[in-house]
Protein chains: 2
Amino acid sequence: MKANGLMVSQNGGPTQVINSTLVGVIEEAQKSDHVDKILVSKYGVRGARDDDCVDVTKIEQDRLEIIANTPSAAGGSTRDKPDEQYCESIFEVAKKRRIKYLVIIGGNDSADKARIINDMANDKGYELRVWHIPKTVDNDLLVNDHSFGYGSCARTVAGLALGNSLDNRAIPGLKVDVTMGRHAGYIAAASQLFMKEPGYGGPDVVFVPEGEPFTMEHFLDVITDIYKKNERVYAVVSEGCALAVKKVLSEEADAHGNVQLSGSGTFADYLVGGAKKAINAKDLRARADTWGYTQRSNPFSISEVDLDEARRGGRYAVQQATSGDLDGTVIVVANRDLQYQFSLRVGKLEEVAEKTKSMPLEFVEKHVITPAFRNYALPLVGEVPEYDSLI
Amino acid sequence: MKANGLMVSQNGGPTQVINSTLVGVIEEAQKSDHVDKILVSKYGVRGARDDDCVDVTKIEQDRLEIIANTPSAAGGSTRDKPDEQYCESIFEVAKKRRIKYLVIIGGNDSADKARIINDMANDKGYELRVWHIPKTVDNDLLVNDHSFGYGSCARTVAGLALGNSLDNRAIPGLKVDVTMGRHAGYIAAASQLFMKEPGYGGPDVVFVPEGEPFTMEHFLDVITDIYKKNERVYAVVSEGCALAVKKVLSEEADAHGNVQLSGSGTFADYLVGGAKKAINAKDLRARADTWGYTQRSNPFSISEVDLDEARRGGRYAVQQATSGDLDGTVIVVANRDLQYQFSLRVGKLEEVAEKTKSMPLEFVEKHVITPAFRNYALPLVGEVPEYDSLI
């Protein structure tokens with residue numbers, strides 16, 4: 001009896017469009033003559049290890065459409081990083097379930113998982129086509145022009161910043177917001193995508209992990225200068241900048257050795273506390289928000305472009321896996337010379353595994369995004385909302 | 001020369017639809033034969049005091065449409081609470097500018113301002129028609145069925161909670177989110193409006209200021225019970241509950257004597273820190289977000305119902321002020337016996353001034369919203385997003 005099953009899993013931090021990729025995989029597999037069974041492993045590769053799967057071979061198109069538009073991971077996710085024994089278990093399940101195609105949707109950690117499992121399969125002579133499909137809000141995957149999930153996160157953050165900037169213009173004060181982005185400033189930079197000028201439709205300034213290391217001294221200089229000029233100031237800071245002041249932050253390592261910077265208001269409160277003291281104005285309204293999971297899960301700010309591309313990424317992996325009998329990762333290619341053009345190509349798993357990229361330095365100059373960044377990111381976020389002001 | 005000018009101001013914390021009310025006022029005044037000039041005072045009544053206004057008599061409809069859909073206060077806002085001298089200055093400006101209609105959009109503080117100014121005008125025999133139009137995300141105005149602004153805030157919070165609940169289901173852990181709502185639990189309760197069951201599409205539990213006073217002991221009991229059962233727990237807590245544990249929070253009073261509970265992550269971090277210790281599970285993912293200004297400024301989660309009602313409220317005030325030569329406040333009336341029906345009536349300024357209402361106790365039972373609350377709030381938030389899960 002031939003092994004023609006497909007198993008797909010969602011891994012790492014959820015995004016607003018990781019379900020769109022999942023649905024792309026499922027619907028393409030449903031169409032394929034090469035696939036006779038489609039399983040979603042629950043809670044990412046953990047379900048593949050534990051033989052805990054949902055059979056979606058005959059799932060209805062109506063339900064798929066709803067799932068494709070649902071944020072977060074409909075099959076569950078995991079941050080497990082499989083070791084040798086973990087991978088052994090996955091093989092046992094794959095054999096038992098007659099799996100030929102193993103599709104892993106995830107970030108760089110997940111690409112690395114895919115590579116490990118693929119190497120083991122090769123070593124053992126088991127015919128397993130392992131595929132990785134990129135996903136991360138951080139947008140820090142190598143080789144890819146951008147990651148599925150970033151466009152929606154950027155749209156969410158640009159919208160939050162638009163609202164907060166208008167709020168801070170209406171009742172002038174000091175506002176600091178902290179975004180996700182451990183290593184790269186792409187998310188923080190997105191906060192200025194909808195602005196008409198610094199401070200109007202976005203923050204006056206953004207602080208990203210790239211370039212000159214973040215220091216509290218420089219931050220306070222910038223903030224107080226703007227406040228002196230405008231009697232209000234709004235700054236967006238990437239959580240990656242917190243590394244520079246980590247002594248004030250609780251350090252907590254997850255299974256990957258990443259320091260936990262999200263999920264606490266400590267950094268934002270520290271920044272706004274310092275800035276309030278430095279500005280030292282009477283009755284100064286000072287506020288700090290840490291946007292947290294909103295950035296990757298809001299159902300109301302999904303980018304249509306991102307949603308569509310993420311689904312195409314899912315379909316593409318299955319097309320390549322079944323027609324070419326290849327292993328690999330889906331690589332996102334884009335051309336912005338004239339109109340934005342998106343395409344996909346096949347890459348090797350090791351191309352993206354276990355490495356992250358930074359944002360180019362020329363995307364932010366003196367804490368304001370450049371036309372180069374707008375040219376890069378605007379095509380990914382969908383329609384720009386209109387707004388106007390009387391002041 | 002007859003005084004036929006209209007001056008309108010936006011006051012208090014901005015909302016997602018306060019501009020819709022502003023536009024309702026302007027467009028109705030443009031149509032009226034009784035009004036020959038329309039001014040927006042900048043930064044709320046502060047602009048009325050300082051004679052700092054924008055003339056919008058001939059503003060184009062296209063621009064009005066964009067402003068109506070823009071969150072926050074396009075004319076600026078203020079939290080000033082006018083005293084005798086402040087009101088004197090407003091009269092001087094009103095006389096000089098030939099103002100007959102003074103429209104104040106705002107919350108209960110603003111209704112009180114309107115009353116003060118109105119009393120002064122009457123005392124001095126100056127013919128000034130003073131109108132208040134309700135606005136507050138907190139939904140705690142007396143007499144009104146609901147306030148303009150609440151529906152969009154509720155939609156925003158319900159969407160945030162939907163996303164966060166799906167996120168916490170995908171990678172199970174402990175999640176606590178803190179909402180606005182100093183005195184009333186309406187905003188926190190809205191976090192369960194889109195859920196299919198507790199913990200799926202909304203939090204497992206909500207904690208509101210009404211009913212039994214919040215205690216950390218009870219909170220931890222509830223949280224640990226749910227975690228034991230499901231190995232994940234998601235709670236939404238109103239900032240109003242922070243009063244019960246205020247000794248751990250920085251206390252800061254604004255001009256109204258309100259304790260500042262927003263704008264800091266302290267309360268959420270305190271809650272999640274305590275809960276993490278109480279659950280005491282290995283590798284527990286624990287996160288806290290404080291949603292802050294997002295709840296009142298997000299451009300992507302405005303309720304169409306709220307937007308429309310807010311605009312009708314603006315038009316209604318001008319109709320009443322000009323046709324009936326009345327002073328008053330716009331009162332929101334609703335009937336939910338069969339289909340939701342919305343209407344407006346005229347109230348006296350003192351009816352809503354300086355008082356707040358709590359949410360009825362029967363809207364939340366054992367930390368879960370009741371059908372009575374759904375019946376009350378669902379008609380206000382617009383379309384309910386579809387979502388689905390495979391786990």
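**Close-up views of a two-chain predicted model**

**View 1. The surroundings of Q192(B).** Apart from its neighbours within four places in sequence, Q192(B) is in contact (heavy atoms within 4.5 Å) with P203(B), D204(B), V205(B), V206(B), H367(B), V368(B), I369(B) and R374(B). This is a predicted model, in which local features need pLDDT of at least 70 and side-chain atom pairs count only at pLDDT 80 or more, while totals for chains, interfaces and linings use all residues. Residues are numbered from 1 along each chain as its sequence is written, chains are lettered from A in the order in which they are written, and side-chain values use heavy atoms, with hydrogens and water left out. A polar atom of the Q192(B) side chain lies 2.8 Å from the backbone nitrogen of I369(B).

**View 2. The contact of chain A with chain B.** Chain A brings 70 residues to this contact and chain B brings 70 residues. The area buried between the two chains (accessible area, 1.4 Å probe, lost on putting two parts together, summed over both) is about 5600 Å², and carbon and sulfur atoms give 56% of that area. On the side of chain A, the residues that lose the most area to chain B are Y293(A), F300(A) and L390(A), which together make up 16% of what that side buries.

**View 3. A salt bridge between the chains.** Four salt bridges (a side-chain nitrogen of Lys or Arg within 4 Å of a carboxyl oxygen of Asp or Glu) are counted between chain A and chain B. R63(B) forms a salt bridge with D388(A), where the closest N and O atoms are 2.6 Å apart.

Note on methods
A polar contact is a pair of N or O atoms within 3.5 Å; within protein, one must be able to donate a hydrogen and the other to accept it, and residues adjacent in sequence count only if both atoms are side-chain atoms.
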